[in-house]
Amino acid sequence: MKQTQKTIDITRKSDFNMPVKWRRKLQIEDGMRVVFKVENNDIVIKPASNKTLDVMSTVGRKGLIYLPKEIRTYFEQKGLKSFHIDIEEVEKAMILTPLEE
C-alpha cells in the first residue's frame, strides 16, 4: 500500500479530485464508474465492473470523485468525518481510512 499525505473531510465536501498519478496507477479514467465499499470502517473505491449492485459514482473531469450520500450519511452517523487516503496498487483501489478525532 502506498501512503499519501492527502486527507479529506466528508462533512465539508462531498467530492475530491484524484491526482493524475494516482489515476494512472489505478487505471481510472475520467468518465469511468467506480464502486464504493465499506470494509472495517474504511471506504474502498475501485473501478466498477459492468454489472454490480454496489454504490457507484462516475469519475468526473480531472479525476473528480463524488462521495455518494449513502456513504457520507453512514460515516456522519458514526461521528467520523476526516479520512486519510492511501493507494493500494495491487488491488487497484483507493482506501479512505477514518482519522481519530
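Is Met1 buried or exposed? Met1 counts as exposed, at 56% relative accessibility, where exposed means over 50% relative accessible area, buried under 20% and partly exposed in between, with a 1.4 Å probe and protein chains only. The model is predicted: local features need pLDDT of at least 70, side-chain atom pairs count only at pLDDT 80 or more, and totals for chains, interfaces and linings use all residues. Residues are numbered from 1 along each chain as its sequence is written, and side-chain values use heavy atoms, with hydrogens and water left out.

Met1 lies in the segment before strand 1; helices (H or I, at least four residues) and strands (E, at least two) are DSSP runs numbered from the N terminus. Leaving aside neighbours within four places in sequence, Met1 is in contact (heavy atoms within 4.5 Å) with Asp86, Ile87, Glu88 and Ile95. Between the C-alpha atoms of Met1 and Arg23 the distance is 15 Å, for a separation of 22 residues in sequence.

The sheet comes next. Strands of a sheet pair through backbone hydrogen bonds, either parallel or antiparallel. Here six strands form an open sheet in the order 1-7-8-4-3-5, with antiparallel pairing; two strands are taken to pair if DSSP finds at least two bridges between them. Strand 1 (2-9) and strand 5 (55-58) each have a single partner strand and stand at the edges, so one side of each is left without a neighbour in the sheet. From one strand to the next, the twist averages 25°. Helix 2 packs on the sheet and touches strand 3, strand 4, strand 5 and strand 7. The direction of helix 2 makes about 20° with that of strand 3; axes are lines fitted to C-alpha atoms, for helices over the stretch in contact, and angles run from 0 to 180 degrees between N-to-C directions.

The order of the sheet can be followed pair by pair. Strand 1 and strand 7 are joined in the antiparallel sense by five bridges, and Asp9 stands opposite Ser82 in strand 7. Strand 7 in turn pairs with strand 8 over six antiparallel bridges, with Pro98 in strand 8 as the bridge partner of Phe83. These two strands form a hairpin with four residues between them, in which Lys92 takes a positive phi near 55°. Strand 8 also runs antiparallel to strand 4, to which three bridges join it; Ile95 in strand 8 is the bridge partner of Val44. Five of the six residues of strand 8 are buried, so this strand is largely enclosed by the rest of the structure. Strand 3 and strand 4 form a hairpin with two residues between them, and Asn40 in the turn has a positive phi of about 55°.

Positive phi also occurs in two loops. Most residues other than glycine have a negative phi, and most peptide bonds are trans. Gln27, however, has a phi near 55°; Gln27 is found in the loop between helix 1 and strand 3 and is exposed, with a relative accessible area of 52%. Lys62 likewise has a phi near 55°. The loop between strand 5 and strand 6 (64-66) holds Lys62, which is exposed at 59% relative accessible area.

The interior can now be considered. In soluble globular proteins, nonpolar side chains tend to be buried together. The largest nonpolar core has 22 residues, and those with the most contacts inside it are Phe16, Met94 and Leu96; such a core is a set of buried Ala, Val, Leu, Ile, Met, Phe, Trp, Tyr and Cys residues joined through side-chain atoms within 4.5 Å. Helix 1 (20-26), strand 3 (33-39), strand 4 (42-47), helix 2 (69-77), strand 7 (82-88) and strand 8 (93-98) each supply at least two residues of this core. Strand 7 gives the most, with three residues. Not counting residues up to four places away in sequence, Phe16 touches several residues, among them Ile8, Ile45, Leu64, Ile85, Met94 and Leu96.

Tyr74, Phe75 and Phe83 form one aromatic cluster. Rings of Phe, Tyr and Trp (its six-membered ring) pair if their centres lie within 6.5 Å; planes under 30 degrees apart count as stacked, over 60 as edge-to-face and the rest as tilted. By this rule there are two aromatic pairs. The ring centres of Tyr74 and Phe75 are 4.9 Å apart and their planes stand at 85°, so the pair is edge-to-face. Phe75 and Phe83 are also edge-to-face, at 5.1 Å centre to centre and 90° between the planes. Tyr74 is partly exposed at 33% relative accessibility, whereas Phe75 is buried at 0%, and Phe83 is buried at 0%.
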